[in-house]
Every structure is written in C-alpha cells, then in structure tokens.
Amino acid sequence: YDHDLEMLLTRVLEMGGLVEAQIGAAIKGLAAGDTRALDIVIAEDHRVNALEVSIDTDCSHLIARRQPTAGDLRMVLAVIKIVTDLERIGDEAAKIARMGKQGYAQARLPRTPVAAVRHMGEIATGMLRKALDALARLDPVAAASIVREDFAIDEEFRSIVRQLITFMMRSE
C-alpha cells in the first residue's frame, strides 16, 4: 500500500518535470523565435494529457481497492487536484507555443513583451519547481510560502497584459 502511494507521488513528480520542461521550451522557443521548438512543445502536450488521465485512473483504483483514510485519503485527493493543475499548466505552455508561432508567422511579436513573458515564465517555473520540491518532501510550510509568492506573479501578469494591450492599440 505504501509502495502504491510512493509510486503515485513519483508519477506526479515525473509529470511535473515534464510540464516544467514544456514551459521552459515554450518560453525559450518564443524568445529565440525557434518555431521548431514551439512545434515540439505543441506536439508533446498529448503526453501531459495522457499522464493526467493515467494518474487520475490510478487514484480512482487506489481509492476503490485500498479505501484509504485520513492522511492517505487526503494525499490521494491532493494528487487528483495536482495533476489537474499540472495538465492546465501544460496546456498553457502549448498555448504560449501556438501564440508564438502565430506571432512569428505574422511578424508581429515585439521584443519588450517577449522579454517580459520570459521573465514571468522564469518566475512561474521557479514556483513550480518549489511546489514540486515541497510535494516531494511533503513540506506544508514550503507549500504555504509558494502561495504567498503567487501574489507577485499575479501583479507581473497584470503588468504584461497592460503592455500587450498598449502594443495592440498602437499596431492597429
């Protein structure tokens, strides 16, 4: 039973690593104008989706077979929520790649917002890495500190959106 829980956690961390790599590749491809790298990010999105379905199925089977209680049940339910969020992050990486491809195809990507997106991507990737580390160590204090960091990235996001809106209004 403990082995099943450990394997579940290992697969979540594997999925997290894949998602982290996708974000990095999408941001790097966007910044460098590397449409081939962006194509790879888009193509790899199915792996993240498949992992989510597989881990979710494993969680359902674990609940049905083992009927976990207390802390173990909370862990399984947390894993279900985590893989859903990781899948959404993977979708966002693919969206960055698609938008980057479209922007480069139309020769409409300004350098300033790309640099801002790269900076925000680095912050988000760092937060994801810290969250995965907190999960691996089962450290609730580290997890809580990441929640507080989220406010900083929200403000960065609003700033970038304002920059992009300004750029779009000028280019019309």
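**View 1. Surroundings of Leu8.** Apart from neighbours within four places in sequence, Leu8 contacts Ile55, Asp58, Cys59, Leu62, Val76 and Val79, contact meaning heavy atoms within 4.5 Å. This is a predicted model, in which local features need pLDDT of at least 70 and side-chain atom pairs count only at pLDDT 80 or more, while totals for chains, interfaces and linings use all residues. Residues are numbered from 1 along each chain as its sequence is written, and side-chain values use heavy atoms, with hydrogens and water left out.

**View 2. The largest nonpolar core.** This core holds 39 residues, and those with the most contacts inside it are Leu8, Val12, Met15, Ile55 and Val79. Two or more residues each are given to this core by α1 (2-32), α2 (35-66), α3 (70-105), α4 (111-137) and α5 (140-171). The largest share, 12 residues, comes from α1. A nonpolar core is a set of buried Ala, Val, Leu, Ile, Met, Phe, Trp, Tyr and Cys residues joined through side-chain atoms within 4.5 Å. Buried stands for under 20% relative accessible area, exposed for over 50%, and partly exposed for values in between (1.4 Å probe, protein chains only). In soluble globular proteins, nonpolar side chains tend to be buried together.

**View 3. The chain as a whole.** The secondary structure comes to 5 helices and 0 strands, in the order α-α-α-α-α from the N terminus. Helices (H or I, at least four residues) and strands (E, at least two) are DSSP runs, numbered from the N terminus. Along its principal axes the C-alpha trace spans about 60 × 35 × 20 Å. Of the 172 residues in the chain, 34% are buried. Among contacts between residues at least 6 apart in sequence, 80% join residues at least 24 apart.

**View 4. Helices α2 and α3.** The axes of α2 and α3 come within 9 Å and cross at roughly 165°. The pair is therefore roughly antiparallel. Axes are lines fitted to C-alpha atoms, for helices over the stretch in contact, with angles from 0 to 180 degrees between N-to-C directions. Angles under 35 degrees count as roughly parallel, over 145 as roughly antiparallel, 65 to 115 as roughly perpendicular and the rest as oblique. The crossing of α2 past α3 is left-handed, a term for a near helix turned anticlockwise from the far one by less than a right angle. Residues of this contact divide into 19 nonpolar, 5 polar and 8 charged. Ala, Val, Leu, Ile, Met, Phe, Trp, Tyr, Cys and Pro count as nonpolar, Asp, Glu, Lys and Arg as charged, and the others, Gly among them, as polar.

**View 5. Helices α1 and α3.** The axes of α1 and α3 come within 9 Å and cross at roughly 15°. This angle makes α1 roughly parallel to α3. α1 passes α3 in a left-handed crossing. By class, their contact has 22 nonpolar, 5 polar and 2 charged residues.

**View 6. Leu138 in the loop between α4 and α5**. Although Leu138 is not a glycine, its phi is positive, about 50°. Most residues other than glycine have a negative phi. Leu138 is exposed, with a relative accessible area of 53%.

View 7. Gly17 lies in helix α1 and is partly exposed, at 35% relative accessible area. The C-alpha atoms of Gly17 and Thr166, 149 residues apart along the chain, are separated by 35 Å. Arg129 lies in helix α4 and is partly exposed, at 46% relative accessible area. Arg129 and Ala32 are 97 residues apart in sequence and 23 Å apart in space, C-alpha to C-alpha.
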